[in-house]
Amino acid sequence: MNLAETMKRKTTLSFEVFPPKTEKGMEKLPGVIEELYAWQPDWISCTYGAGGSDKGCNFEIVKSIAAAGRTKAVSHYTTIHHTRADIEADIEAYLSVGVDHFLALRGDFLPGENATHGDFGHADGLIRYMREKFGSRITLACSGIPEGHILSPNMASDIAFLKRKQDAGADFIITQLTFDMDRFARWMDEIRAAGVTLPVAVGVMPVLDRDKCIRHCVSMNGCAIPRSLARHISKYYDDPEGFREAGMDYTVQQLYEYIRLGVNDLHIYALNQSAAVDEILRRSGLFEKRI
């Protein structure tokens with residue numbers, strides 16, 4: 001059963017990991033993933049860097065997840081520098097090692113570039129081609145952005161592009177992070193009103209580090225810092241340990257709120273830090289850990 005069908009039956013749990021930049025990080029990652037397996041996730045996704053950097057490491061990571069047979073592996077895949085021939089060869093290679101779920105994205109440009117330099121300029125074209133070429137052999141996720149893409153002129157335009165990705169053949173949505181729960185609730189209502197019916201996996205960024213939290217919101221994603229998070233940042237501004245400790249409880253409350261709003265999956269950005277994720281899930285009581 002593909003993940004989209006699983007999400008329609010229950011609230012699922014998933015994690016995102018990324019290819020470490022160092023050999024030491026790569027050596028530690030299998031242990032991190034092993035600890036994440038203990039929470040019996042329905043899937044684990046793996047990113048790769050801007051312009052296709054770390055793509056080789058991505059392949060090896062998702063290959064190892066698929067080979068372990070303990071959960072589904074989902075690979076990010078972008079339009080950047082990919083021709084139709086590249087896409088066909090790449091997806092066949094993933095399929096050959098048991099990876100058949102993908103998050104299809106436009107992707108981030110390399111510094112100094114402002115185009116994909118591939119056969120598709122946007123994710124909907126990539127999704128359509130992958131669906132036409134591989135049919136039911138693959139399951140496709142697309143991105144959803146509750147606060148709107150930074151290049152979209154307005155929310156209506158952004159949701160129209162999301163509908164295009166659904167129409168192109170996407171099976172479910174994985175959202176970009178947001179801390180603004182009111183905005184997220186409105187977005188859910190707006191996409192459903194626009195005819196977007198796909199299951200929604202919500203990207204959850206644990207609140208663990210002050211500077212990283214601010215950077216992820218402001219400089220990377222153009223997200224709002226709501227009053228509740230601003231108060232948290234102010235209260236623990238000079239107390240990193242206090243910030244991390246209280247931030248885990250803040251994240252737990254977000255998990256509760258997302259479920260109340262009807263999401264189909266809690267997709268936690270593990271940040272390659274299994275201990276923090278372990279504590280957040282333990283405090284939430286929402287899932288059982290395999291001892």
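**Exposure, a pocket and salt bridges**

Biologist: What relative accessibility does L271 have?
Modeller: L271 counts as partly exposed, a class lying between buried (under 20% relative accessible area) and exposed (over 50%), with a 1.4 Å probe and protein chains only. The model is predicted, so local features need pLDDT of at least 70 and side-chain atom pairs pLDDT 80 or more, while totals for chains, interfaces and linings use all residues. Residues are numbered from 1 along each chain as its sequence is written, and side-chain values use heavy atoms, with hydrogens and water left out. The relative accessibility of L271 is 25%.

Biologist: Where is L271 placed, and what is its phi?
Modeller: L271 is found in the loop between β8 (265–269) and α11; helices (H or I, at least four residues) and strands (E, at least two) are DSSP runs numbered from the N terminus. Most residues other than glycine have a negative phi. L271 is not a glycine, yet its phi is positive, at about 55°.

Biologist: What volume does the second largest pocket have?
Modeller: A pocket is an open set of points on a 1 Å grid over the protein atoms alone, where a 1.4 Å probe fits, with protein on both sides within 12 Å along at least five of seven lines; its lining residues have an atom within 4 Å of a point. Grid points are joined across faces, edges and corners, and the volume is the space filled by probe spheres set on them. L271 belongs to the lining here, together with F18, P20, G25, K28, L29, V32 and N272. The volume is about 160 Å³.

Biologist: How many residues of this lining are charged?
Modeller: Ala, Val, Leu, Ile, Met, Phe, Trp, Tyr, Cys and Pro count as nonpolar, Asp, Glu, Lys and Arg as charged, and the others, Gly among them, as polar. The lining holds 5 nonpolar and 2 polar residues. The number of charged residues is 1.

Biologist: What distance separates the C-alpha atoms of K28 and N272?
Modeller: K28 lies in helix α2 (residues 23–37) and is exposed, with a relative accessible area of 55%. Along the chain, K28 and N272 are 244 residues apart. Their C-alpha atoms are separated by 8.9 Å.

Biologist: Which residue meets K72 in a salt bridge?
Modeller: In a salt bridge, a side-chain nitrogen of Lys or Arg is within 4 Å of a carboxyl oxygen of Asp or Glu; the whole structure has 20 of them. In this one, the N to O distance is 3.4 Å, and the partner of K72 is D100.

Biologist: How many residues apart in sequence are the parts tied together by D249 and R283?
Modeller: The side chains of D249 and R283 form a salt bridge at 3.0 Å, N to O. Because D249 lies in helix α10 and R283 in helix α11 (residues 274–284), the parts that the pair ties together are, in sequence, apart by 34 residues.

Biologist: Which residue forms a salt bridge with D278?
Modeller: The N to O distance of this pair is 2.6 Å. D278 is in helix α11, and its partner is in the segment after α11, 11 residues apart. The partner, partly exposed with a relative accessible area of 36%, is K289.
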